[in-house]
Each structure stands twice: as C-alpha cells, then as structure tokens.
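Subject: Structure handover and findings

Hi,

Here is the structure I promised to pass on.

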Amino acid sequence: MARRQERPAAPRIGSPDLPAHLEDGLPRRHADLRQVRLAGLSGEVDLEHASLEECVVPSAAVDTLALRGATLVDVEVTDIRAVSVVARDTAIRRVRITGGRIGTLDLAEARIAELELRDVRIDYLSLAAARVEDVLIADCAIRAVDLPHAQLTRVAFERCRADEVDPRGMRASDLDLRGLDALSYLDALALRGATLTEDQVRALAPAFAAAVGIDVR
C-alpha cells in the first residue's frame with residue numbers, strides 16, 4: 001500500500017553551497033560576481049541586474065540595496081540593516097538571510113526556490129505576484145506580509161508573528177501558517193491551500209462568516 005503523504009509538505013531547503021575561500025568583491029550594476037565577499041556595504045548599493053553566485057554579504061548597513069532583475073544563487077546574508085531591499089523580478093535559489101532588520105523587503109514578481117529568512121525583523125515583506133517554492137521563515141517579526149496574486153508552494157512559518165497579512169488572489173499549496181501568529185488577514189477566503197491550527201481557525205471564524213455573508217449575533 002502506498003504511504004500517505006503528510007500534509008502540508010515541508011519546504012525542501014538546502015544550505016547555500018559556499019567555497020572555503022572567498023575573494024573581496026565590489027558591488028556594481030550588471031556585475032558578474034562569483035565566490036566573493038561583499039563586506040562593508042553602506043549607503044545606496046546598486047546591484048540591479050547583477051549575478052551573484054556563491055557569495056557572502058556580512059553585516060551590511062545600507063539605506064537601499066537595489067537588486068531588481070538580479071540573479072542570486074548560493075548566497076548568504078548575515079546581520080543586515082537596511083531601510084529597503086528592492087529585489088523585484090529577481091531569480092533566487094538557495095539564499096539564506098539571518099539576523100538584522102529590514103524596513104522593506106520587496107520580492108514582488110520574484111522567482112524564488114529555496115529561501116530561508118531567520119531571526120529578521122521586517123516592517124514590510126512583499127511577495128506580490130511572486131512564484132515561490134520552498135521557503136522557510138523562522139523566528140521573524142513582520143509588521144505586514146503582502147501576498148496578492150503570489151503562487152506559493154511548500155512555504156512554512158515557524159515562531160513568527162505579523163500584524164497584518166494580505167493574501168488576496170494568492171494561490172497556495174502546502175502553505176503552513178501554523179507558526180505565524182497574525183493579528184489579521186485581509187481576506188480569510190483567500191487562505192485556500194493553507195494549513196492553520198484549530199485555535200487560528202476559531203480566531204478567524206468571524207472573518208470567514210462575514211466573507212460568506214453569515215450574520216453572527
């Protein structure tokens with residue numbers, strides 16, 4: 001007899017494949033960076049349409065980190081302080097961001113496979129219209145999570161909290177929200193494909209009722 005698959009399926013995430021030795025590199029637009037360390041980043045950093053492969057970004061303190069249209073493969077970012085990280089329309093594979101604080105993390109329209117966010121404080125996280133597979137968000141505090149029209153597959157939250165989640169138009173498979181303590185969801189009916197705890201469902205009951213036109217008194 002075939003073994004029944006456990007749902008939701010967990011994200012399939014590997015650690016970034018990094019070499020033992022890294023050269024120091026300089027950020028620039030359209031750069032082709034491989035096996036480098038981008039240390040001491042500050043101010044306005046332009047890496048739009050760049051390629052970063054097997055790279056490390058340690059202890060950055062930037063106003064804006066511009067990554068629009070970039071490709072990131074096997075990249076590790078640690079202890080970042082950023083007003084905004086603009087990574088719209090990026091291609092991401094095996095990227096890990098650990099520690100720090102980000103005002104806006106804009107991943108709208110990105111193509112993401114294997115992303116880990118751990119112990120990061122984020123004011124605004126946007127995955128609007130992104131295609132996302134295998135993402136783990138753990139030990140993060142996020143004010144607003146923006147998911148309109150995102151396609152999410154094997155995405156899990158662990159020990160996270162958020163003030164507001166906007167899932168309108170989202171399509172999800174194996175989306176595990178049991179580890180996300182969210183104060184509100186803008187559209188409860190858009191959570192199709194997500195897994196919640198019984199307590200979370202009870203808390204959302206008034207929103208579900210209102211969405212289907214039930215008058216609860």
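First, the ground rules. This is a predicted model, so local features need pLDDT of at least 70 and side-chain atom pairs count only at pLDDT 80 or more, while totals for chains, interfaces and linings use all residues. Residues are numbered from 1 along each chain as its sequence is written, and side-chain values use heavy atoms, with hydrogens and water left out.

**Strand pairing**

Helices (H or I, at least four residues) and strands (E, at least two) are DSSP runs, numbered from the N terminus. Two strands pair if DSSP finds at least two bridges between them.

Start with β5 (51–58). Strand β2 (residues 32–34) pairs with β5 in the parallel sense, over three bridges. There, R34 has E53 as its bridge partner in β5. β5 also runs parallel to β7, with seven bridges joining the two. V57 faces V77 of β7 in that pairing.

Further along, strand β10 (residues 121–126) is parallel to strand β8 (residues 91–106), with five bridges. I102 stands opposite I122 in β10. β10 is also joined to strand β12 (residues 141–146) by five bridges, again in parallel.

**Cavities**

A cavity is a set of points, on a 1 Å grid over the protein atoms alone, where a 1.4 Å probe fits but cannot get out; lining residues have an atom within 4 Å of a point. Grid points are joined across faces, edges and corners, and a volume is the space filled by probe spheres set on the points.

There are three cavities of 30 Å³ or more.

**The largest pocket**

A pocket is an open set of grid points with protein on both sides within 12 Å along at least five of seven lines. The largest one holds about 180 Å³ of space. Its lining includes R178, D181, Y185 and Q200. β16 (180–185) and α1 (198–211) each supply at least two lining residues. The largest share, six residues, comes from β16. By type, the lining splits into six nonpolar, two polar and two charged.

**Two buried residues**

Buried means under 20% relative accessible area, exposed over 50%, partly exposed in between (1.4 Å probe, protein chains only). Contact means heavy atoms within 4.5 Å.

Q200 sits in helix α1. Its relative accessibility is 16%, so Q200 counts as buried. Beyond residues up to four places away in sequence, Q200 touches L177, R178 and L180.

D134 belongs to strand β11 (residues 131–138). D134 is buried too, at 7% relative accessible area. A polar atom of the D134 side chain lies 2.8 Å from the backbone nitrogen of R12. Leaving aside neighbours within four places in sequence, the contacts of D134 include P11, R12, I13, T153 and R154.

Best wishes

Technical notes:
A polar contact is a pair of N or O atoms within 3.5 Å; within protein, one must be able to donate a hydrogen and the other to accept it, and residues adjacent in sequence count only if both atoms are side-chain atoms. Ala, Val, Leu, Ile, Met, Phe, Trp, Tyr, Cys and Pro count as nonpolar, Asp, Glu, Lys and Arg as charged, and the others, Gly among them, as polar.
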